[in-house]
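User: I would like to learn how to read the main features of a structure like this one. Please give the general idea for each feature and then the case at hand.

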Amino acid sequence: MTKYEMLYILSTKLEDEARDAIIAKFEGIVTEAGGKVEGIDKWGVKKLAYAINYQTEGYYVLMTFECETSVIAEITRVAGITEGMLRQMVTKRA
């Protein structure tokens, strides 16, 4: 299994329950595919470098995990259709 980290920005318009549900959804994708989530760091609300969908602030979350490479395509697909997701990026860790 390969180690990855995913940094994603959620809309600040989301309620706390909805935000926690999205975080749990991505954790579930990794664990259901046989991977292991090493940590989830909730950085909180930060100012964006530029406006995204007319929003100037976003809720940042960093998830570090291990999984097979095929799971990354599913994570990217789900992130693309998740309501409230502003941006996401998955990178391989050394």
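The turns below take up the sheet, the cores, the salt bridges and some single residues.

Analyst: First, the ground rules. This is a predicted model, in which local features need pLDDT of at least 70 and side-chain atom pairs count only at pLDDT 80 or more, while totals for chains, interfaces and linings use all residues. Residues are numbered from 1 along each chain as its sequence is written, and side-chain values use heavy atoms, with hydrogens and water left out.

User: In what order do the strands form the sheet, and is the pairing parallel or antiparallel?

Analyst: Strands of a sheet pair through backbone hydrogen bonds, in a parallel or an antiparallel way. Helices (H or I, at least four residues) and strands (E, at least two) are taken here as DSSP runs, numbered from the N terminus. Two strands count as paired if DSSP finds at least two bridges between them. In this model, 4 strands make an open sheet with the order β2-β3-β1-β4, and the pairing is antiparallel. Its edge strands, β2 and β4 (85-92), each pair on one side only. From one strand to the next, the twist averages 20°; axes are lines fitted to C-alpha atoms, for helices over the stretch in contact, and angles run from 0 to 180 degrees between N-to-C directions.

User: How many bridges join β2 to β3, and which residue of β3 stands opposite Lys-42?

Analyst: The antiparallel strands β2 and β3 are joined by 11 bridges. Opposite Lys-42 stands Val-61 in β3.

User: Which strands does α2 lie across?

Analyst: Helix α2 lies across β1, β3 and β4, and runs at about 170° to β4.

User: Which residues touch the most other members of the largest nonpolar core?

Analyst: In soluble globular proteins, nonpolar side chains tend to be buried together. A nonpolar core is a set of buried Ala, Val, Leu, Ile, Met, Phe, Trp, Tyr and Cys residues joined through side-chain atoms within 4.5 Å. Buried means under 20% relative accessible area, exposed over 50%, and partly exposed in between (1.4 Å probe, protein chains only). The largest core here has 22 residues, and Met-6, Tyr-8, Leu-10, Phe-26, Phe-65 and Ile-75 touch the most other members. At least two residues of this core come from each of β1 (2-11), α1 (16-32), β3 (55-67) and α2 (70-81). Another core lies apart from it and has 5 residues, among them Ile-9, Leu-48, Tyr-60 and Leu-86.

User: With which residues is Met-6 in contact, leaving aside its neighbours within four places in sequence?

Analyst: Contact means heavy atoms within 4.5 Å. With those neighbours left aside, the contacts of Met-6 include Phe-26, Val-61, Leu-62, Met-63, Phe-65 and Ile-75. Ala-79, Gln-88, Met-89 and Val-90 are also in contact with Met-6.

User: How many salt bridges does the count come to?

Analyst: Side chains of opposite charge can pair when their charged atoms come close. The rule asks for a side-chain nitrogen of Lys or Arg within 4 Å of a carboxyl oxygen of Asp or Glu, and the count comes to 5 salt bridges. One of them joins Arg-19 to Asp-16, with the closest N and O atoms 2.3 Å apart. Both residues lie in helix α1, 3 residues apart, about one turn of the helix. Arg-19 is buried at 11% relative accessible area, whereas Asp-16 is partly exposed at 45%.

User: Which parts of the chain does the salt bridge between Asp-20 and Lys-42 link?

Analyst: The side chains of Asp-20 and Lys-42 meet at 3.8 Å, N to O. This pair links distant parts of the chain, with Asp-20 in helix α1 and Lys-42 in strand β2 (residues 36-52), 22 residues apart. Asp-20 is partly exposed at 40% relative accessibility, and Lys-42 is partly exposed at 46%.

User: Is Gln-55 buried or exposed, and with which side chain does its own make a polar contact?

Analyst: A polar contact is a pair of N or O atoms within 3.5 Å; within protein, one must be able to donate a hydrogen and the other to accept it, and residues adjacent in sequence count only if both atoms are side-chain atoms. Gln-55, in strand β3, counts as buried because its relative accessibility is 10%. Its side chain makes a polar contact with that of Ser-11 at 3.0 Å.
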